[in-house]
Amino acid sequence: MISTTLFGQLLRDEMERPCFIPPGTNSSQSRTLSFLLGGFPVWETTRMWSVPLCFMYLLALLGNLTILAIIGTDQSLHVPMYLFLAMLAVADLGLSTSTFPTMLRMLWLEDREISFGTCLAQMFFIHIFADIESAVILAMAFDRYVAICHPLRYSSILTNSVTTKICVAIIMRATVVLFPLPVLLSQLCFTRVRKLSHPYCLHPDIIKHAGSDVRIHSTYGLFVLLSTLGLDLLFVLLSYLFILKTILSVATWRGRLKALNTCISHICAVLLFFIPMICLSMMHQFIKHVSPQAYTFTANLHFLVPPILNPIVYSVKTKRIRRRMLEMVCQRELHKARGGICQ
């Protein structure tokens, strides 16, 4: 609560400070008070998307809250694999709540404008939850590596204490690395043309509209990307190289398939998160002329799809989660049947 208050006060102070415009900069450039959200080109053809987007948001909330409820109420699931899954659900909830409401507000109220401070706050939370999700996926890859490559030492390596420390380290890394982004952006001046490419605020998209030198911001943004999501992806791939080597050493095909089946859900989460992320990063960093539709489609795949599909994938492929969900449904139906009989 204290850090959030300090963060908000810092943004307000920076926004109230007069903007310094370097010599030679066009006089029409000034600190912008708002941005215009993009991503939906024509109102008449995009209002119809408000209902599917609302349904997607509710589906993401329902799926991830169900995962959290199942893991929270079942003591037998309080083990590293499912604790990491719970943290993934929290990251998905944060990511979807940071993106969907802005899109729905824009479509329902036909209001594209978002204030500078709100945009920076949204950007911070979108990136921090994406970073947390990336790190959780890496932690889950490490969990699968220990379970398959060192099964006899699993309980001694991944204790509850180690799991807690990993979760705390994930949150601390995301906060420390990403906190400078809004602070640095608050120092910039922006041009009059400030329409964003997405229906939410992202760091590479915001700095495109700066009227001052952004080399430091671009360099730091690239450093953040490579040192967090880039390293996470590298270590995930290394984990699966060792896992694949161990699986291939199993004598029977049945044993190999059984070991591989325990990784299917996690592999889906890796593909859903990292492939769109790589494409979006390449577009922002190295490709100058890309259609707005391509930006929007790729960003939506990266930020909107994983929170919806991750709970579905883990519910279908994880036997204990699936069994608990069926038990919850059966108990509810039994309760309704008893209520009908009593009436």
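## The second largest pocket

About 510 Å³ of space lies in the second largest pocket of this predicted model. A pocket here is an open set of points on a 1 Å grid over the protein atoms alone, with protein on both sides within 12 Å along at least five of seven lines. Grid points are joined across faces, edges and corners, and a volume is the space filled by probe spheres set on the points.

The lining of the second largest pocket, meaning residues with an atom within 4 Å of a point, comprises 19 residues. Nearest the centre of this pocket lie Met81, Asn261, Thr262, Lys317 and Thr318. Two or more lining residues come from each of α4 (80–109), α5 (116–149), α11 (253–261), α12 (264–286), α14 (305–317) and α15 (319–342). By class, the lining of the second largest pocket has seven nonpolar, five polar and seven charged residues. In this scheme Ala, Val, Leu, Ile, Met, Phe, Trp, Tyr, Cys and Pro count as nonpolar, Asp, Glu, Lys and Arg as charged, and the others, Gly among them, as polar.

## How to read the model

This is a predicted model, in which local features need pLDDT of at least 70 and side-chain atom pairs count only at pLDDT 80 or more, while totals for chains, interfaces and linings use all residues. Residues are numbered from 1 along each chain as its sequence is written, and side-chain values use heavy atoms, with hydrogens and water left out.

## The overall picture

Let's step back to the whole protein. The protein has 15 helices and two strands; helices (H or I, at least four residues) and strands (E, at least two) are DSSP runs, numbered from the N terminus. Of its 343 residues, 45% are buried. Buried means under 20% relative accessible area, exposed over 50%, and partly exposed in between, with a 1.4 Å probe and protein chains only.

Among contacts with a separation of 6 or more, 80% are between residues 24 or more positions apart, a contact being heavy atoms within 4.5 Å. The accessible surface comes to about 18100 Å², and carbon and sulfur atoms account for 70% of it. These areas come from the Shrake-Rupley method with a 1.4 Å probe; for residues, only the protein chains shown count as cover.

## One cavity

A search of the whole structure finds one cavity of 30 Å³ or more. A cavity is a set of grid points where a 1.4 Å probe fits but cannot get out. The largest cavity has a volume of about 30 Å³, and its lining consists of Asn64, Ile67, Leu85, Leu88, Ala89, Asp92, Asn310, Pro311 and Tyr314.

Helices α3 (50–73), α4 and α14 each supply at least two of the residues lining the largest cavity. The most come from α4, with four residues. The lining of the largest cavity divides into six nonpolar, two polar and one charged residues.

## The disulfide and other cysteines

There is one disulfide, defined as a pair of cysteine sulfur atoms within 2.5 Å. Cysteine 119 and cysteine 201 form this bond, with their sulfur atoms 2.0 Å apart. Cysteine 119 lies in helix α5 and cysteine 201 in the loop between α8 (180–185) and α9, so the pair ties together parts that are 82 residues apart in sequence. The torsion about the S-S bond is about -120 degrees, so the disulfide is left-handed.

Cysteine 119 is buried, with a relative accessible area of 0%, and cysteine 201 is buried at 0% too. Elsewhere, cysteine 54 is partly exposed at 21%, and cysteine 279 is partly exposed at 37%.

Serine 34 sits in strand β1 (residues 34–36) and is buried, with a relative accessible area of 7%. Not counting residues up to four places away in sequence, serine 34 touches Glu113, Ile114, Ser115, Phe116 and Arg194. The C-alpha atoms of serine 34 and lysine 195 are 9.5 Å apart, although 161 residues separate the two along the chain.

Serine 212 belongs to the loop between α9 (203–207) and α10 (215–248), and is partly exposed at 21%. Leaving aside neighbours within four places in sequence, serine 212 is in contact with Leu188 and Cys189. Leucine 237, in helix α10, is partly exposed at 49%; leucine 237 and alanine 141 are 96 residues apart in sequence and 8.8 Å apart in space, C-alpha to C-alpha.
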